[in-house]
Amino acid sequence: MEILGATLRICVEDLESSVAFYERLAGGPAQRFERGGVSVAAVGCFLLMSGPEKEIEILRKVSATIAVENVDEAYAVLNASGAHVIAGPVPTPAGRNLIAMHPDGAVFEYVDRRAAT
């Protein structure tokens with residue numbers, strides 16, 4: 001499994017003011033979408049999230065988003081390496097993802113840009 005990059009996940013109270021800051025910082029516009037009642041803005045290597053506290057509380061437990069070529073391959077490697085896949089693979093607006101807990105307790109999202117099959 002090749003790791004293509006990582007995205008830092010940040011839960012914010014005021015998405016609009018946060019997006020403006022991160023757009024200036026990253027030097028480009030945000031890509032926006034909603035998922036499960038949470039408003040999301042992807043800006044450079046940052047993923048900003050804002051929404052109901054019940055949803056945000058869950059999202060705070062995920063340390064980062066890791067981009068991979070293929071989530072199915074990541075699933076196999078994670079399982080073989082002793083990680084516990086908590087959710088997925090499932091389709092998302094940007095491809096497919098899964099959430100896994102590593103043996104040390106760290107929780108990460110793995111995502112690819114492939115269309116759901």
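Colleague: What radius of gyration does the protein chain have, and what would a compact globule with 117 residues have?

Modeller: This is a predicted model, and in it the protein chain has a radius of gyration of 14 Å, which agrees with the value near 13 Å that a compact globule with 117 residues would have. Taken along the principal axes, the C-alpha atoms fill a box of roughly 40 × 25 × 25 Å.

Colleague: How many helices and strands does the chain have, and what pattern do they follow along the sequence?

Modeller: There are 3 helices and 8 strands in the protein chain, and reading along the sequence gives the pattern β-α-β-β-β-α-β-α-β-β-β.

Colleague: I keep looking at strand 4; why is strand 4 described as largely enclosed by the rest of the structure?

Modeller: The reason is burial: 5 of the 5 residues of strand 4, which spans residues 46-50, are buried, so the strand is largely enclosed by the rest of the structure. Buried here means under 20% relative accessible area. Phe46, Leu48 and Ser50 point one way from the strand, while Leu47 and Met49 point the other way, and all of them are buried.

Colleague: And which way do strand 1 and strand 4 run, parallel or antiparallel?

Modeller: Strand 1, residues 3-11, runs parallel to strand 4, and 4 bridges join them. Within that pairing, arginine 9 has leucine 47 of strand 4 as its bridge partner.

Colleague: What about strand 3 and strand 4, in which sense do they pair?

Modeller: Strand 3, residues 38-43, pairs with strand 4 in the antiparallel sense over 5 bridges, and valine 43 stands opposite phenylalanine 46 of strand 4. These two strands form a hairpin with 2 residues between them, and in its turn glycine 44 has a positive phi of about 55°.

Colleague: Which residue takes a positive phi in the hairpin of strand 2 and strand 3?

Modeller: In that hairpin, which also has 2 residues between its strands, glycine 36 takes a positive phi near 60°. Strand 2, residues 31-35, pairs with strand 3 in the antiparallel sense over 5 bridges, and the bridge partner of phenylalanine 33 in strand 3 is valine 40. For background, most residues other than glycine have a negative phi, and most peptide bonds are trans.

Colleague: On peptide bonds, where is there a cis one?

Modeller: The bond from glycine 88 to proline 89 is cis, with omega near 5°, and proline 89 is found in strand 6, residues 84-92.

Conventions:
Residues numbered from 1 in each chain as written. Predicted model: local features only at pLDDT ≥ 70, side-chain atom pairs only at ≥ 80, totals over all residues. Heavy atoms only, no water. Buried < 20%, exposed > 50% of the residue type's maximum accessible area, 1.4 Å probe, protein only. Helix = DSSP H or I, 4+ residues; strand = E, 2+ residues; numbered from the N terminus. Pairing = 2+ DSSP bridges. Rg over C-alpha atoms; globule rule 2.2 N^0.38 Å.
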